[in-house]
Amino acid sequence: MNSITHLTSHPEPAARLETLLSQIDPQVRRILKKSLAGSELSQEEAVVLFNTSGVEYNALLQTADRVRQLRCGDTGSFVITRNINFTNVCYMGCSFCNFSKTKEDAEAEFISFTEIADRAEEAWARGATEVCVQGGLHPDIDKDFYRNVLIAIKERVPQMHIHAFSPFEIWYGAKKARMTPEAFLQDLKDHGLGSMPGTAAEILAPEVRKKLTKDKLKTDEWVRIIKAAHNAGVPTTSTIMYGHVDGPADWAFHLDLLRSIQKETGGFTEFVPLGFIHYETPLYKENPGQVRTGPTRSEHFKMHAIARLMLQGYIDNIQASWVKMGPETAAQMLRSGANDLGGTLMNESISRAAGGQHGQEVMPEDMVNNIHRAGLHAVQRNTLYQTVQDYGPAADSGLNFTAPSDLIVVAGAAG
Ligand code: SF4
């Protein structure tokens, strides 16, 4: 496997960007030029960028596209992975959650170790390099449960990379096992844990976080578990959930905190912005008029673009989640700061034709097509961003190349 490097230079777009920057507000121009020079942005500067609109907003997206190219080359990537959610039963009561059920609920599920291993084996047969295993905090989970999940998968498919257990699950498992999170994580690593989703981050700004999580997993506990994972040699992703009761200052705080953790540990593989989906959540239903219905389209673009600028040099993989935004918008993000489309998330129960709003699976060929439509070189990667299969540059795809400026006009037209 080779690492992903396809760096080329594009003098023409760079000259166009220079012209655009000369026409915008001087404060925004100074911040964007600072980013182009590779300098670190402050929280205050990030807030200025979150408040841009019009031509400044377009300049932000084009600057993020340029910094993406300087940092990642002309490659867009995806991973073939399968989500295995072993239970939807959870009593933590996070107000933003539309996933958890009680044990008595007709839709309650808690699948066996055999079923978990069966799903991992099927995924391997279909070309997956990773399974992403997460679940609710079911009261019947015992002290050995998380370790036994790993053992079941590794016994059946030893080569499969196991990306599993959010920091909330680690917190819960460590309590059940009466271990420190550090010792608990080391035990999981010894039994095959390859990496962890950095979910349950939500918003790390403490006051907003309290409203979302009933303060069960506090900011400092989330940070402790993430650092413990990194120190044990277990890399994690990093995430944000935005567009509910939060705002630009909270987003800037969150990005700054992730950056400071990364400076210390180097353990984040990527940053994944996840827009809030309000349907059926207690947070939305119980607070009429006080909770937003998720981010606007332009906020989605700003989050990816500003993350690219804030995190550059520290977390250089910015992932656009097609599950939250749809494959079309996610592909447009590839020309506004992101360099990765995430996982195919195969799920046998949902056919390609019958998906929900954005479906539960994107085929690898669709990932390749979307990356090519963004004008980038497409590669299938593994969890650690090493190339598994190279699908070549956009010109090889036979699809029409869409110029970045057109994409940015589309991006700026809505939201
Ligand atoms: S811990 Fe996870 S599954 Fe449980 S309520 Fe919170 S978000 Fe939902």
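## Ligand shell

The residues around the ligand divide by class into seven nonpolar, three polar and no charged. In this scheme Ala, Val, Leu, Ile, Met, Phe, Trp, Tyr, Cys and Pro count as nonpolar, Asp, Glu, Lys and Arg as charged, and the others, Gly among them, as polar. The shell consists of Cys90, Met92, Gly93, Cys94, Cys97, Phe99, Ser100, Gly136, Leu137 and Phe168. A residue counts as near a molecule or strand if its C-beta atom, placed from the backbone, lies within 6 Å of it.

## Basis of the model

The model is predicted: local features need pLDDT of at least 70, side-chain atom pairs count only at pLDDT 80 or more, and totals for chains, interfaces and linings use all residues. Residue numbers start from 1 along each chain as its sequence is written.

Strand E3 covers residues 130–134, and five of its five residues are buried. Strands (E, at least two residues) and helices (H or I, at least four) are DSSP runs, numbered from the N terminus. Buried means that 20 or more other C-beta atoms lie within 10 Å of the residue's own, exposed means 12 or fewer, and partly exposed is in between, with C-beta atoms placed from the backbone. Glu130, Cys132 and Gln134 point one way from E3, while Val131 and Val133 point the other way; all of them are buried.

E3 pairs in the parallel sense with strand E2 (residues 81–85) over five bridges. Two strands are taken to pair if DSSP finds at least two bridges between them. Val133 of E3 is the bridge partner of Ile84. E3 also runs parallel to strand E4 (residues 161–164), to which four bridges join it. Here Val131 stands opposite Ile162 in E4.

## Crossovers and helix H5

E2, helix H5 (residues 113–125) and E3 form a right-handed β-α-β unit. A right-handed β-α-β unit is also made by E3, helix H6 (residues 145–156) and E4. Right-handed here means that, with the strands pointing away from the viewer, the path from the first strand over the helix to the second runs clockwise.

Which residues of H5 are buried? They are Ile116, Ala117, Arg119, Ala120 and Ala123. These residues lie on the same side of H5 because they cover an arc of only 160 degrees around the axis; the arc is that of the directions from the helix axis to the C-beta atoms. An α-helix has 3.6 residues a turn, so residues three or four places apart point the same way. Thr114 and Ala125 are exposed and sit on the face of H5 turned away from its buried side. H5 has 13 residues and reaches 18 Å from its first C-alpha to its last, close to the 18 Å expected at 1.5 Å a residue. The expected span is 1.5 Å times one less than the number of residues.

## Helix H13

Helix H13 (residues 297–311) has 15 residues that should span 21 Å at 1.5 Å a residue, and its end C-alpha atoms are 21 Å apart, which agrees. Twelve of its 15 residues are buried, among them His300, Lys302, His304 and Arg308. Just after H13, Gly313 takes a positive phi of about 85 degrees.

## Positive phi in loops

Most residues other than glycine have a negative phi. Phe165, in the loop between E4 and helix H7 (167–176), has a positive phi near 70 degrees. Phe165 is buried, with 30 other C-beta atoms within 10 Å.

Tyr385 also has a positive phi, near 65 degrees. Tyr385 lies in the loop between strand E9 (377–381) and strand E10 (387–390). With 19 other C-beta atoms within 10 Å, Tyr385 is partly exposed.

## Contacts across the sequence

Leu17, in helix H1 (residues 11–22), is buried, with 20 other C-beta atoms within 10 Å. The C-alpha atoms of Leu17 and Thr63 are separated by 7.2 Å, although the two residues are 46 residues apart along the chain.

Glu221 belongs to helix H10 (residues 219–231). Is Glu221 buried or partly exposed? Glu221 is partly exposed, with 17 other C-beta atoms within 10 Å. From C-alpha to C-alpha, Glu221 and Phe168 are 9.2 Å apart in space and 53 residues apart in sequence. Phe168 is one of the residues that surround the ligand.
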